Amino acid sequence: MLVLIEWYDITGVERPWVPAEEAHELDPVVVQTVGWLYHKDDHVVRIASSKHTDPETLGNINVIPRGCIASMRCLEQICDGDECPCLS
């Protein structure tokens, strides 16, 4: 199942010293990640952005903690084959 996950990622500053006001204004960023769902439990969701013809082989894995997930939804197939408007 192909899914779109929106999740909160860490934001940081690469300098050794930061004014308190600037640090206070930092917020996590919302990231969108698309992939094939292959595992979920109470703690994490695991997706692969690449699949091999061997169903036991996955590529480009993301493991996203449940506490970071803002939303997750299935992506439906909108077309198939050579007549797909996405391909023209």
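**Figure 1. Overview of the protein chain.** Of the 88 residues in the protein chain, 17% count as buried. The model is predicted. The chain holds 1 helix and 5 strands. Read from the N terminus, these elements follow the order β-α-β-β-β-β. The accessible surface of the chain comes to about 7,100 Å². Carbon and sulfur atoms hold 52% of that surface. Among contacts in the chain with a separation of 6 or more, 46% link residues 24 or more positions apart.

**Figure 2. The largest nonpolar core.** This core has 8 residues in all. Its members are Val-3, Ile-5, Trp-7, Leu-37, Val-45, Ile-47, Ile-64 and Ile-69. Strand 1 (2–9) and strand 3 (44–51) each supply at least two residues of the core. Strand 1 gives the most, with 3 residues.

**Figure 3. Trp-7 and its contacts.** Trp-7 is one of the residues of the largest nonpolar core. Leaving aside neighbours within four places in sequence, Trp-7 is in contact with Val-29, Val-30, Val-31 and Thr-33, among others. Its list of contacts also includes Ile-64, Cys-68, Ile-69 and Ala-70. Of these, Ile-64 and Ile-69 are listed with Trp-7 in the core.

Figure 4. Thr-33 sits in strand 2 (residues 29–40). Is Thr-33 buried or exposed? Thr-33 has a relative accessible area of 12%, so it counts as buried. The side chains of Thr-33 and Trp-7 are joined by a polar contact of 2.8 Å. Not counting residues up to four places away in sequence, Thr-33 touches Val-3, Leu-4, Ile-5, Trp-7, Ile-47 and Asn-62.

**Figure 5. The salt bridge between Glu-22 and Arg-15.** How many salt bridges does the count give? The count comes to 1 salt bridge. Glu-22 pairs with Arg-15, and their closest N and O atoms are 2.8 Å apart. Side chains of opposite charge can pair when their charged atoms come close. Glu-22 has 30% relative accessibility, so it counts as partly exposed. Arg-15 is also partly exposed. The relative accessibility of Arg-15 is 44%.

**Figure 6. A nonpolar patch on the surface.** Which residues form this patch? They are Tyr-38, Leu-58, Ile-61 and Val-63. Together they have about 320 Å² of accessible area. Strand 4 (residues 58–65) gives the most to the patch, with 3 residues. Ile-61 lies in strand 4. Ile-61 has a relative accessible area of 39%, so it counts as partly exposed.

**Figure 7. The backbone at Asn-60.** Asn-60 has its place in strand 4. Its phi is positive, at about 55°, although Asn-60 is not a glycine. Most residues other than glycine have a negative phi. Is Asn-60 buried or exposed? Asn-60 has a relative accessible area of 53%, so it counts as exposed.

Definitions and conventions
Residues are numbered from 1 along each chain as its sequence is written. This is a predicted model: local features need pLDDT of at least 70, side-chain atom pairs count only at pLDDT 80 or more; totals for chains, interfaces and linings use all residues. Side-chain values use heavy atoms; hydrogens and water are left out. Patches are made of residues with over 30% relative accessible area and no salt bridge: like charges are joined within 9 Å, nonpolar side chains (Val, Leu, Ile, Met, Phe, Trp, Tyr) within 5 Å. Accessible areas come from the Shrake-Rupley method with a 1.4 Å probe; for residues, only the protein chains shown count as cover. A salt bridge is a side-chain nitrogen of Lys or Arg within 4 Å of a carboxyl oxygen of Asp or Glu. Helices (H or I, at least four residues) and strands (E, at least two) are DSSP runs, numbered from the N terminus. Buried means under 20% relative accessible area, exposed over 50%, partly exposed in between (1.4 Å probe, protein chains only). A nonpolar core is a set of buried Ala, Val, Leu, Ile, Met, Phe, Trp, Tyr and Cys residues joined through side-chain atoms within 4.5 Å. Contact means heavy atoms within 4.5 Å. A polar contact is a pair of N or O atoms within 3.5 Å; within protein, one must be able to donate a hydrogen and the other to accept it, and residues adjacent in sequence count only if both atoms are side-chain atoms.
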